[in-house]
Amino acid sequence: MLNKFLIVNVFFLLFCISLFGQNKKNKKTRDTLTVENVTKIQEPINPLSPAKAAFYSAVLPGLGQAYNKKYWKIPIVYGALGTGIYFYTTNNKEYKRYRDAYKSRLAGFDDDEFYDRITLDGLQRAQKFYRKNKEVSLLVTIGIYALNIIDANVDAHLLQYNVNENLTLFPHFKVNELDAKSDVGLTLNFKF
């Protein structure tokens, strides 16, 4: 256990040291640049972009992710929706099998596929089980569809988020001089 803790701390320390080194190099280049030499071109914010992405995802799942240029999310969306639809159809098919056997038993026939194995009460329980699973898988599929729309909307919002040098999150690691223990923290800097 101590070895794992030591390895994790060493990797974290190396990560922090690499960040310190990068920060100093960036400060040197930042100090030499003047405001007259740098022209920053910023794309204008489109306030309708999140609504457009959500609408596209509502029309065709995955289209909002393509609009946001997050193409790697499209197979995840279709895989999740396909899994939900698969479980819905499987549970619906099994529910219909047990329902038809139950109906034929009530009509007085003894030629259903479950006649020697399952009682009438067992057929009722199986119907309830598969109907409940069918409804749950339908709700999960609808939830995944809604998450697809929400993901496209939130991702379009985050694409417009201002990320520049004036806003930084900087991890730091230092040794406390009073008790010789290490301190780990994050520093959030705003530059106006």
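Residues are described as buried at under 20% relative accessible area, exposed at over 50% and partly exposed in between (1.4 Å probe, protein chains only). The model is predicted, and local features need pLDDT of at least 70, side-chain atom pairs count only at pLDDT 80 or more, and totals for chains, interfaces and linings use all residues. Residues are numbered from 1 along each chain as its sequence is written, and side-chain values use heavy atoms, with hydrogens and water left out.

With a relative accessibility of 43%, F87 counts as partly exposed. The structure contains 6 aromatic pairs, defined as rings of Phe, Tyr and Trp (its six-membered ring) with centres within 6.5 Å; planes under 30 degrees apart count as stacked, over 60 as edge-to-face and the rest as tilted. The pair of Y86 and F87 is edge-to-face, because the ring centres lie 5.3 Å apart and the planes are at 70°. The rings of Y98 and Y130, by contrast, are stacked, since their centres are 5.6 Å apart and their planes at 15°. Y98 belongs to helix α4 (residues 74-106) and Y130 to helix α5, so this pair ties together parts 32 residues apart in sequence; helices are DSSP runs (H or I, at least four residues) numbered from the N terminus.

Both Y98 and Y130 are buried, and together with F114 and F129 they form one aromatic cluster. The charged end of R97 sits over the ring of Y98, 5.9 Å from its centre; this term requires NZ of Lys or CZ of Arg within 6 Å of the ring centre and within 35 degrees of the ring normal.

Y145 is also placed in helix α5 (residues 120-159), and is partly exposed at 29% relative accessibility. Beyond its neighbours within four places in sequence, Y145 is in contact (heavy atoms within 4.5 Å) with S57, A58, V59, P61 and L81.

Note on methods:
Helix = DSSP H or I, 4+ residues; strand = E, 2+ residues; numbered from the N terminus.
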